[in-house]
Structure formats: C-alpha cells, structure tokens
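Please look over the sequence and the model shown here before reading on. The report that follows takes up a few local features one after another.

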Amino acid sequence: MSDDDDIILSELNDEELVLQMHDDLYDGLKEEIAESVNILLERNWTPYDILTKGLVEGMRIVGIDFRDGILFVPEVLLAANAMKQGMAILRPLLTETGAPKVGTMVIGTVKGDIHDIGKNLVGMMMEGAGFEVFDLGINNPVEDYLAAIEEHKPDILGMSALLTTTMPYMKVVIDTMKEMGIRDKHIVLVGGAPLNEEFGLAIGADAYCRDAAVAVETAKEWMARKHNQMANA
Ligand code: B1M
C-alpha cells in the first residue's frame with residue numbers, strides 16, 4: 001500500500017488539493033482527478049480556475065518530464081485520459097451559456113497530429129462564449145477542412161498543431177483555400193504549443209491564439225471586425 005492510498009482528498013485544503021491534482025494527473029489517476037474536480041466545484045471554484053490551475057498546469061508539468069525523457073508515451077496517454085476525465089465534468093459547465101449564438105467555428109487538429117486536448121479546450125471555451133462549434137477531431141487532411149467549410153459555412157476556421165513537424169500543414173490548408181478563392185470568406189485562427197504570432201502571420205492566418213481564453217477574445221474581436229466591414233460595405 002502506498003502513502004497515496006491514505007490521502008483523503010476532501011480533507012486537503014485548496015492549495016494541497018491542487019498540488020495533489022498535479023500529482024494525480026502525472027500518475028494518470030482519472031478517478032482521483034474526477035473526485036478533486038468535484039470537490040473544488042463544491043467549494044465554489046469556477047470551472048475555468050479548476051481547468052487552468054488544476055488540469056492545464058498539471059499537464060504542463062507532465063510535458064516537461066515527457067520532454068526530458070522521464071515520462072514516456074504510455075504514461076502521458078494515461079495523464080491525458082485523466083485530464084479528459086476532468087474536462088468531461090467541466091465541459092457542460094463551461095459550455096452552458098444563455099448568450100445568443102455569436103458565430104460558428106469549424107476546428108480540427110491537422111494531418112499527422114493526434115494531440116486533441118488543447119483543441120477540445122478551445123472548442124469548449126468557444127461554445128461557452130456562444131459560438132456553435134463543429135469539431136473535426138484529429139489528423140485532418142485539407143479535404144476534411146474543405147468539406148466542413150462547405151457544409152457548415154463557418155465564420156471561423158480553427159486549426160491546432162502540437163508538433164513542429166505538423167504545424168506547416170496549416171499553410172497547406174490556407175494556400176488551398178486561397179487557390180479556391182475562399183480564404184477571405186473565413187476568419188482563420190491557429191494555435192498550438194510550438195506556434196507563435198510570427199508563424200501565424202507567415203502562413204497567412206488571421207491570428208495566432210496562445211491559449212483558449214485568447215482564442216475566445218480573438219474570435220470575438222474578428223467577428224466584430226467582420227460585422228463592421230459588412231455594415232460599411
Ligand atoms: Co505529445 N508531444 N507526442 N503526446 N505531447 C508534445 C506536443 C511535445 C512538446 C512533448 C515534449 O517533447 N515536450 C512533443 C513535440 C515536440 C515538437 O514537435 N517540438 C511531443 C511529441 C514529440 C510527441 C510524439 C512524437 C511522441 C512519440 O511518439 N515519440 C507523439 C506524436 C503523435 C502524433 O501526434 N502523431 C506524441 C504523442 C502524445 C500522446 C498521444 C501521448 C499525448 C496526446 C494525447 C491527446 O492529446 N489526446 C501527448 C501529450 C499529452 C503531449 C503533451 C505532454 C501535452 C499536450 C497537451 O495536451 N497540453 C505535450 C507537451 C507540451 O505541449 N508542452 C506534447 C495541454 C493543452 C491544454 O495545451 O495542447 O498546448 P495545448 O493547447 C493550448 C494552446 O496551445 C492553445 O490553446 C490550448 C488551451 O489553452 N491551442 C489552440 C491549441 N490548439 C489551438 C487551436 C486554436 C487556438 C488555440 O485554434 C484557433
């Protein structure tokens with residue numbers, strides 16, 4: 001029996017509980033993560049704070065040890081599943097909104113890339129801000145984006161990439177949109193850990209979004225610009 005078996009999560013104070021969440025995420029303990037999320041909700045924490053301070057911060061620590069060769073893919077997969085368990089509890093709370101629909105978004109992770117936690121988070125926060133979101137999932141070739149654009153006619157196309165080897169694929173999608181004459185009909189937002197603003201502009205996106213909160217703010221800003229342009233046309 002390890003020491004951890006003796007920990008009663010509900011008896012920890014907030015600070016201890018958040019640190020314990022980081023440990024539990026690291027160890028891929030999804031039941032414990034779910035329990036901690038529920039305890040913090042009962043203690044009136046906002047879903048956003050639980051997400052950022054508990055889950056995203058925990059995954060940041062996992063990322064460091066993954067990079068340094070201390071954790072490997074199977075362990076990181078367990079951590080990702082634990083994170084998803086926590087996100088599943090927060091999802092309805094983050095997406096519930098009395099706000100009228102403010103726009104539509106198609107979002108997906110690019111071809112060759114199976115990372116989806118960040119994209120899912122962006123989708124959740126966008127829904128919470130009143131956007132209708134069509135999530136294409138992972139590993140999307142350009143054809144999938146084009147089909148979704150054709151079907152949903154979104155205001156915004158969002159693309160996610162977590163690998164330096166897959167991020168250039170965003171340009172393939174944007175260039176194809178240009179060739180088809182549809183690039184300017186949509187706001188194109190990109191994000192993912194290895195990207196930056198310079199890269200976003202270089203590939204012809206409208207904006208790079210550092211995180212989900214920035215994605216929401218940027219989406220609202222660009223929607224306002226779009227409405228102004230239409231009003232002045
Ligand atoms: Co991967 N992985 N991984 N991985 N993985 C990274 C990305 C890496 C940085 C880890 C490291 O070395 N430190 C590294 C990439 C190195 C590089 O390219 N420079 C890496 C590697 C190398 C790999 C593999 C190649 C490992 C291998 O097989 N040897 C492999 C590749 C698989 C593939 O995609 N083809 C791989 C696999 C995996 C797992 C499957 C084990 C798992 C993914 C599980 C899943 O997603 N379902 C995984 C994970 C979990 C990670 C880390 C640890 C965490 C990513 C994450 O979920 N972060 C990651 C380390 C890191 O990023 N520091 C790593 C939490 C999430 C909330 O943040 O995704 O950044 P993030 O999203 C943020 C923002 O970036 C932004 O908002 C989000 C929310 O705030 N954002 C957007 C993201 N997308 C957006 C889209 C937008 C807007 C904003 O559109 C408008």
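The structure holds eleven salt bridges, a salt bridge being a side-chain nitrogen of Lys or Arg within 4 Å of a carboxyl oxygen of Asp or Glu. This is a predicted model, in which local features need pLDDT of at least 70 and side-chain atom pairs count only at pLDDT 80 or more, while totals for chains, interfaces and linings use all residues. Residues are numbered from 1 along each chain as its sequence is written, and side-chain values use heavy atoms, with hydrogens and water left out.

| D135 | K119 | 2.9 Å |

Helices (H or I, at least four residues) and strands (E, at least two) are DSSP runs, numbered from the N terminus. D135 is partly exposed, with a relative accessible area of 41%, whereas K119 is buried, at 3%; here buried means under 20% relative accessible area, exposed over 50%, and partly exposed in between, with a 1.4 Å probe and protein chains only.

D175 and K171 both belong to helix α7 (residues 169-179), where they are four residues apart, about one turn of the helix. D175 is partly exposed, with a relative accessible area of 23%, and K171 is partly exposed as well, at 35%.

R183 counts as buried, with 8% relative accessibility.

Which residue is the only protein donor of the cobalt atom of the ligand? That donor is H115, through its NE2 atom at 2.2 Å, where donors are N, O and S atoms within 2.8 Å of the metal (3.2 Å for Na, K and Ca), and since water is not among the atoms, sites may look incomplete. H115 is placed in the loop between β1 (103-109) and α5 (117-128).

Helix α4 spans residues 73-95 and contains V73, which is exposed, with a relative accessible area of 51%. Further along, α4 bends by about 40° at I89, with a proline, P92, following within four residues; the bend is the angle between axes fitted to the seven residues ending at a residue and the seven starting there. Buried residues of α4 include V76, A79, M83, G86 and L90, and among the elements that cover the buried residues of this helix are α1 (14-26), α2 (30-42), α3 (47-67) and α5.

N44, in the loop between α2 and α3, has a positive phi of about 70° and counts as exposed at 69% relative accessibility. K153, in the loop between α6 (142-152) and β3 (156-160), has a positive phi near 45° and is exposed, with a relative accessible area of 58%. Most residues other than glycine have a negative phi.

Note on methods
Contact = heavy atoms within 4.5 Å.
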